[in-house]
Amino acid sequence: MLKEVRLLYFGVILLTKKVEIYGHRGFSGCYPENTLISFREAEAVGVDGIELDVQMTRDGEIVVIHDETLERTTNGIGFVKDMTYRELRLLDAGSWFDPKFSGEKIPALSEVLQWIKNLKRKLFVNIELKTYKIEYPNIEEKVLAIIDEQGLKDQVIISSFNLKSLEKVRQLDNNINTALLFIGVPTIVLEEARRLKVNGIHCEAVFAVSEEGRTAREYGYPIRVYTINDRGYFKTLKDAEVCTIMTDFPNEFIVN
């Protein structure tokens, strides 16, 4: 697997720091994103972790779906927040990608974490709180409760573009891993990272290779980069000492 690189130096094999590979919304390049089949297939090719997104239903269930609305990735219409969990489970979340995936469902976060818990190996999960467009009351408490119920705190990273959500998560749990998620190369990343007491930085490649990215690494923040689908970027990002690459095509970055 492409997790560590071996270098030969004067006849001695040296191990360099591995770059972890996370499946972005699972194996979303070849399977319908944020579905159980997408997560299972990502795990099957050997990823270190998966990334997923959560929203909340009208009746308070935490569900795994990227968009606030249903039209793009299901045969439903309207907002997730206006539907009950039972209503969402009646929808088809696979046919939009390919008819052969007809019948795939929007999973509950608890369902995905239960699957991870039952795996024979340790799989990490990055849970992105989709709270920057819609304010879901108490979603942070609910997500933390589900994580605690499954006993997976040491395998979870919670990220969000919403700084208030990250602040609330840290107030609720001082030990859970959190990550600041952002676009581009903002100049206040370190200031916000310290204020929010996050454990990592989730960014685009442009930040990872920037002077700001170098400074963040010097301060000890793990850099996880989204969403890299071109295998040609691997060396550049490895040289930039990123710890994780998130990709829609994990099979392209993992070599058996």
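Is Phe97 buried, partly exposed or exposed, and what is its relative accessible area? Phe97 is partly exposed, at a relative accessible area of 29%. The legends below describe this residue and others in a predicted model.

**Figure 1. The whole protein chain.** The protein chain contains nine helices and 11 strands. Its radius of gyration is 18 Å, close to the 18 Å that the globule rule gives for 256 residues, so the chain is as compact as a globular protein of that length. The C-alpha trace spans about 65 × 45 × 30 Å along its principal axes. Of the 256 residues, 53% are buried. Among contacts in the chain with a separation of 6 or more, 54% are between residues 24 or more positions apart. The accessible surface comes to about 12,100 Å², and carbon and sulfur atoms account for 51% of that surface.

**Figure 2. The ring pair of Phe97 and Phe101.** The structure holds six aromatic pairs. One of them joins Phe97 and Phe101, with 6.0 Å from centre to centre and 55 degrees between the planes. This pair counts as tilted, because an angle must be over 60 degrees to count as edge-to-face and under 30 degrees to count as stacked. Phe101 is buried, with a relative accessibility of 8%, whereas Phe97 is partly exposed at 29%. Both residues belong to a cluster in which ring pairs link Phe27, Tyr31, Trp96, Phe97 and Phe101.

**Figure 3. The ring pair of Phe182 and Phe207.** Phe182 and Phe207 form an edge-to-face pair, with ring centres 4.9 Å apart and planes at 80 degrees. Where in the chain do Phe182 and Phe207 lie? Phe182 is in the loop between strand 8 (177-181) and helix 6 (189-196), while Phe207 is in helix 7 (residues 205-208). The pair therefore ties together parts that are 25 residues apart in sequence. Phe182 and Phe207 are both buried.

**Figure 4. The salt bridge of Glu20 and Lys18.** The structure has 18 salt bridges by the rule used here. One of them joins Glu20 to Lys18, and the closest N and O atoms are 3.9 Å apart. This distance counts as a salt bridge because the cut-off is 4 Å. Lys18 is partly exposed, with a relative accessible area of 36%.

Figure 5. The side chains of Arg214 and Glu218 form a salt bridge with an N to O distance of 2.1 Å. Both residues lie in helix 8 (residues 211-218) and are four residues apart, which is about one turn of the helix. Arg214 is partly exposed at 33% relative accessibility. Glu218 is exposed, at 55%.

Figure 6. Lys235 and Asp239 form a salt bridge, with the closest N and O atoms 2.8 Å apart. How far apart are these two residues along helix 9? They are four residues apart in helix 9 (residues 234-239), so about one helical turn separates them. Asp239 and Lys235 are both exposed.

Figure 7. Arg25 lies in the loop between strand 3 (20-24) and helix 1 (36-44). Arg25 is not a glycine, yet it has a positive phi of about 60 degrees. At 15% relative accessibility, Arg25 is buried. A network of salt bridges links Arg25 with Glu33, Asp53, Asp67 and Arg72.

**Figure 8. Lys197 in a loop.** Lys197 lies in the loop between helix 6 and strand 9 (200-203). Its phi is near 55 degrees, a positive value in a residue other than glycine. Is Lys197 buried or exposed? Lys197 is exposed, with a relative accessible area of 54%.

How values were computed: Residues are numbered from 1 along each chain as its sequence is written. This is a predicted model: local features need pLDDT of at least 70, side-chain atom pairs count only at pLDDT 80 or more; totals for chains, interfaces and linings use all residues. Side-chain values use heavy atoms; hydrogens and water are left out. Rings of Phe, Tyr and Trp (its six-membered ring) pair if their centres lie within 6.5 Å; planes under 30 degrees apart count as stacked, over 60 as edge-to-face and the rest as tilted. Buried means under 20% relative accessible area, exposed over 50%, partly exposed in between (1.4 Å probe, protein chains only). The radius of gyration is taken over C-alpha atoms; the globule rule is 2.2 Å times the number of residues to the power 0.38. Contact means heavy atoms within 4.5 Å. Accessible areas come from the Shrake-Rupley method with a 1.4 Å probe; for residues, only the protein chains shown count as cover.
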